Amino acid sequence: MKILLVEDHLAKRMAIKDFVLKEFPDDTLEEADCLIHGLRKARDLEPDYILLDMSLPNYPSKDRGTRATDMRPFAGTEFLRRIRRMNFDTKVLIVSMFETFGVAPSLITLNGLDEEMSERYPDIYLSAIHYATSNDEWQSHIKKFHSAIEANK
Amino acid sequence: MARRRKKSITNPFHTAVRQSNGSPNIVNDIFKSASWNQFQEVLKWSYPRYKNGSFFCGFAPNSSSQLAKWIHFPFESPSEALKWIAATSNFKSEDVAKYNSFVLQVESFGNNFSDIHEAAKTLTAETMMSYTGLGTLLYSLSKVHGLDYQRRWMNKNLFVPNSSFANVLFYFKGIASESGRDPEDILGTMFATLFVHIDDPEFARMISNVVLNTPVNLVDFVEIAKLMANQPIVDQYELAANLICSNQHSLRDINDENLSLFWNCMVNTGDWRAQGIRNIADELTLEHVNIPLSDHHSVDFFNDLLKDPTGANLNDREFRTTLANKFLCSQSTPASYLSSSCYLVKSSNSIEEFQQGIARREIAQAFNSKLSPNQSGRRKVSLTFDDLAHELDAAIPPLEKREIFRLTCLSGISEGRFFDVLLCLYETTQTDKNASAYFPTVAFFNQCSEDSVIDASTDPRVPVAISRIKHDIPEEGNDLLFLSVEQFLDRMGLHKPSELNALPGQVSNFLFEACTLDCLRQSLEFGSKLEVEEERLTLLQTLAKADLRNKENYEREAHKIIGQQTVDELLQRYEVGKIHCDEKAIQEWAKEELAAKFFRLQDFIDADLLPVERDADMEFLSHLSSGKDGKFTFKVPNSEALSIASSLITELANKYALDPRHGIDSYLSLGMRHGEVEEHLRTPLSNRQLLTSKGPTGYEASTYWCGTFTESIGESIGETIANFSELYDKALKDIKDEQIQVRREDKPQGIIDLEWQQHEILSFAATFAKTETIEDFLEEFSNTYWALVDIKLAPSREKVLREIAPVLNALLDDLQKEVENQTGFSRLGPFSDAITRAREDLDTAIQELASWHNVARSTDTEPIALLDIISATQKIVARLYPRFRPSLDITGDTHVSLTSSLHVLIEVFKALFINVYEHSGEDRPEISVDIDAAVDGQLVVEFSSTCTDIEVGEAAAELANARIRTGEYESRLPKEGGSGLPKVARATVCDGQPNTVVSIDRDNSLFCVQMTFSLLHL
């Protein structure tokens, strides 16, 4: 299968990439580190599924973080909105390091976003999973979704 | 012989009332079973006997303490509620007649608020206290005696020291009566402070109706009537009159006995609205509208009231408050009906709401003119998109045109003609930009899906139309705008807008208004911000050539983009801190959301009610509940000005700190917590092979050290490192999740404490007396805020060093000890060295982490070398004028750096360079800049350039000096772009005098400008 990984955080991207390539050696994996490049690659490659971060910069930044005005906290939802209009057969799995977004009382949980996206993009959206270096649950989630997508191919 | 007492015939209704002591349940039973006449009789008998009882006491109260406790009276239909109100109004018909007479009296007084106030006092004294009359009383009171007096009067005469819900109504009536209030803001305050705590929606509806006299439909009417059944009869009467007037289009065909009873009551008590309705002569229908919407009298009225109905001199808020001033003073006069109709029409989101608003106008017009719509020469036009669009073309008065525009759009929406509606938006806003405020954006997007808009975007006018309302579009207007732009380009077979031929007209509008920077940054055709900006610059250059009429607009934006690019580049080199936020977005939010409070506070200040003069304590006067005592306490502030000032400051400070998208904490999340901190503090150890990552079976034991030591020692170290890695990652997670946070209730360990203390709030509150506009206030706030943040960040940096560093170092200590224990060696060569080196790297990383806790605003806070400012400015000018390549020589105090006035100096040098470009006649002139910073706080700069024609140069210098001397330069500031010397002169003003001298050096053929800047932060 063709997989696209859209993730700006280098260590997380490497960890996911290593895991995917090790676990599914027959797959091909492409990477993008920002929203626009991710959308470009999705359009050009039409991957079977996409592993997507929720918060992304619009464009890649050499020194990300020192001036993060380009960051888009809800880039993931925008990505889904755009990908839906590209009209190709794909599935999207959000892999986020965060379980909450924003601050109370406007706090949105990953679960809340998950529900919203399931409702808005039922054809392409799979789920939102939490990524942490301190546990490996995300790995079993990716495996599970990978199998499900493969089974439906 | 004793006379035998004559036995009276017992009235069973009287008996029932007597036995129940006038209880609402019994009154209701009687109301439902008795005839109209019988019930009238019961009221007449019961009221004198039980007017101090809990139910009847509120019918005609003399003071606020006599208002009845709120109950739900179980009306089963609007008709039944109308019967009740007809009965109570008929019972107190004399009082209602006096009220109706008072309404016309108020109309005749115009803006004579003293007379209005006297009339309102008399009305209350002679009839009853009512919320309706109270509105006029409080409004005129504040106009005649000022806000302070009004507040004191309310505290003394109105607020009751018990749990009456009336206090809440008094409080909001007070706000609505302050003058200059926008009902939208009042509703916003109600929602934020009250409605969120109330479970019963009918209570909320009743409050907004009593305070703002919002139109009611049959459903709302019966729900509100249930709550008003034992409230002042005048208020009950007004509620029913509101129903009749708001629904004239639909009620005319209803044959209901109780409707007739109330109608008769309106007629018999001399209500002008009954006369107006009679004059309309059944000419209002649900299917038509009378065009023009306003007759001559109304057009004159709106012209007088709004001065300039084109909106050129009124922003949206001023427009709304001007109208509201009329109808919040007295809600039922013909003038208030006209002004509220204008307000309601503008905010209507359905044809029904539009008709409710227009019905008030029709009634007032028919009353004023004594003519029916037809008699006054107005035509019936079908409520269809096509018919209305036709009328829209013919409409002339701007307000009339905008109102028909809204109705046309609402009709188009109801007919599903979304494409036509968007074209209508485009065409109307082509000739009247401000008409976009009349587009029913909410109604449109409730009905039309995003996909439908995008599918309709095959015409360039659609994305332009979207761009004109994008700020009002729910969620992200720019996202939709981009998708619309993309769709149009796709249809044209193009990838980039610059591939379009920029013909003046629709295509130019598309390129300029729709293909903005914000829009293009979402395009997949551009891989960086710079590419997007270059595309926009290309568009602007093309447009400037193709559309000469608007050349100035295109060039202005191009200058802005190039200038900002260079400034950004310059600032980027100086930034070290990570504490920043999207201040522009927050200030935009504040201008919209805090304006109401700000204006209200300004009114208090104008009335000499300074926020810091009063005791800041709050007094809790009342509380409310709809039968749910103690659930929520509403606080009526004692010192209103301080309360508003504190709330403004706190809200804005919280927004800066905690706004989920634009605030400091959000940027902390994106700039530090988003992997940055963990990565930053992990790297020093992982680089030394002291950390491993978690795998499927937990933290993997490192095998690295097996190659350095014997297998058993290596394995032992590897296992210890695995355990250590888990502990270290946990510590990092805790630092990230709990400590690198803006401190707040749910993050008590946050090391960034940005909360304003009371003394800081009080200190800043004094500034309000000095700021006249909200922009001034925001600028002052920004300066104070960042100065305070700078101070407040010092402890944060300290905490990184004193609290975070020891935790991580202690873990390293433990690792070292554990390895010693496991291996039996106190020192293990390479491993111990690795720990030592890791400590050094970690120390550096922690120092860096501390330094991230500095303000990194995109303004002038870091010291910047003057040389860099000059060089950046030269770059800006070189990009604006590619042929211009001056040779620059800078001498004197070239080491000078500044921490303020960056933007001012950039503007000054830009003006000087452009001046040389435009007047030297050379592409490569020689320019010398001499800097003198010998005097404290003063910067003297001499800017000299080649002058080829000494005579012309001298004349120019003489003219410039004369203008600077006489102050004429001030008047040229807004227009002058060419020479820019006025701009330079303005920047050197000290003690009211500009310190700029222009001269010619004949010996060296130089044009010289000497400037002395008074700068505090050299």
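Author: Here, a residue is buried under 20% relative accessible area, exposed over 50% and partly exposed in between (1.4 Å probe, protein chains only). This is a predicted model, where local features need pLDDT of at least 70, side-chain atom pairs count only at pLDDT 80 or more, and totals for chains, interfaces and linings use all residues; side-chain values use heavy atoms, without hydrogens and water. Residues count from 1 along each chain as its sequence is written, while chains are lettered from A and ligands numbered from 1 in the order they are written.

Reader: Are Phe39(B) and Trp84(B) buried or exposed?
Author: Let's start with their rings, whose centres are 5.5 Å apart with 45° between the planes, a tilted pair. (Rings of Phe, Tyr and Trp, the last by its six-membered ring, pair with centres within 6.5 Å; planes under 30 degrees apart are stacked, over 60 edge-to-face, the rest tilted.) As for accessibility, both Phe39(B) and Trp84(B) are buried.

Reader: How many residues apart in sequence are the parts that this pair, Phe39(B) and Trp84(B), ties together?
Author: Helices are DSSP runs of H or I, at least four residues, and strands are runs of E, at least two, numbered from the N terminus. Phe39(B) belongs to helix α3 and Trp84(B) to helix α4 of chain B, so the parts they tie together are apart by 45 residues.

Reader: Which residue's charged end sits over the ring of Phe31(B)?
Author: Phe31(B) is part of a cluster linked by ring pairs, whose members include Phe39(B), Tyr47(B) and Trp84(B). A charge counts as over a ring if NZ of Lys or CZ of Arg is within 6 Å of the ring centre and within 35 degrees of the ring normal. At 5.1 Å from the centre of the Phe31(B) ring, the charged end is that of Lys83(B).

Reader: What is the strand order of the open sheet of five strands in chain B?
Author: Strands pair if DSSP finds at least two bridges between them. The edges, each pairing on one side only, are β6 and β10 of chain B. Inside, nine bridges join β9 to β11 of chain B, running antiparallel. With mixed pairing, the order in chain B is β6-β8-β9-β11-β10.

Reader: Which helix packs on this sheet, touching β10 and β11 of chain B?
Author: Contact means heavy atoms within 4.5 Å. Axes are lines fitted to C-alpha atoms, for helices over the stretch in contact, with angles from 0 to 180 degrees between N-to-C directions. The helix makes about 165° with the direction of β10(B), spans residues 950-966 of chain B, and is α43.
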